[in-house]
Amino acid sequence: MIASTFTAIGVMFAVLQYYRNGQQAVTQFEDDIEKEYRSIAKDIPVNTLLGEDVSEKDKLVFMNAFYNYIDFTNGQIQLCKNKRIRPETWISWSEGIEENLKLKAFNSAWKEIKEKLPSSFNELKKLEQDGFKSNPAKW
């Protein structure tokens, strides 16, 4: 009886450790994605992050950075769709995506990217069509 109790406790401890390790791995993965976002964002002019538009000349210069952001964002949506992130992380990410795409320069670049690449970034297009309120994990 005592041996089976200790065995049960040991199994419960192992399951708890497994769960904790899994949560730590997810947290580390999400942190790595945040670092990638920061790396991309550093190439985007600060004035655009503050809501200002860019001139046509500057838009050409920074279009690569905007494209990289759009591509990254589409990847975030795919991670959610594939259930690789926590639901609370998705809420934070989707709010950030919505806020960024409301900014003049981002919105302008996004419109141009959609026009030039109509068959790309379908996940982001769907999220936008859903008013940024849907959860790709449920698509």
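The legends below accompany several views of one predicted protein model. Because the model is predicted, local features need pLDDT of at least 70 and side-chain atom pairs count only at pLDDT 80 or more, while totals for chains, interfaces and linings use all residues. Residues are numbered from 1 along each chain as its sequence is written, and side-chain values use heavy atoms, with hydrogens and water left out.

View 1. Along the sequence the pattern reads α-α-α-α-α-α, where helices (H or I, at least four residues) and strands (E, at least two) are DSSP runs numbered from the N terminus. Of the 139 residues in the protein, 33% are buried, which here means under 20% relative accessible area, with exposed meaning over 50% and partly exposed in between (1.4 Å probe, protein chains only). Among contacts with a separation of 6 or more, 71% join residues 24 or more positions apart, a contact being heavy atoms within 4.5 Å.

**View 2. Helix α3, residues 56–81, with its kink.** The 26 residues of α3 reach 35 Å from the first C-alpha to the last, close to the 38 Å expected at 1.5 Å a residue; that expected span is 1.5 Å times one less than the number of residues. A kink of about 55° is centred on Phe62, the bend at a residue being the angle between axes fitted to the seven residues ending there and the seven starting there. After the helix comes Lys83, whose phi is positive, near 60°.

**View 3. Lys59, a residue of helix α3.** Lys59 counts as buried because its relative accessibility is 9%. Not counting residues up to four places away in sequence, Lys59 touches Val54, Ser108 and Glu112.

**View 4. The largest nonpolar core, with 30 residues.** Such a core is a set of buried Ala, Val, Leu, Ile, Met, Phe, Trp, Tyr and Cys residues joined through side-chain atoms within 4.5 Å. The members that touch the most other members are Tyr69, Ile70, Trp90, Ile97, Leu101 and Leu124. At least two residues of this core come from each of α1 (2–41), α3, α4 (87–102), α5 (104–116) and α6 (122–129), and α3 gives the largest share, nine residues. Leaving aside neighbours within four places in sequence, Leu101 is in contact with Tyr69, Ile70, Phe106, Asn107, Trp110, Leu124 and Phe132.

**View 5. Helix α6 and what covers its buried residues.** The buried residues of α6 are Glu123, Leu124, Lys125 and Leu127, and their cover includes α3, α4 and α5. Gly131, with a positive phi near 70°, follows this helix.
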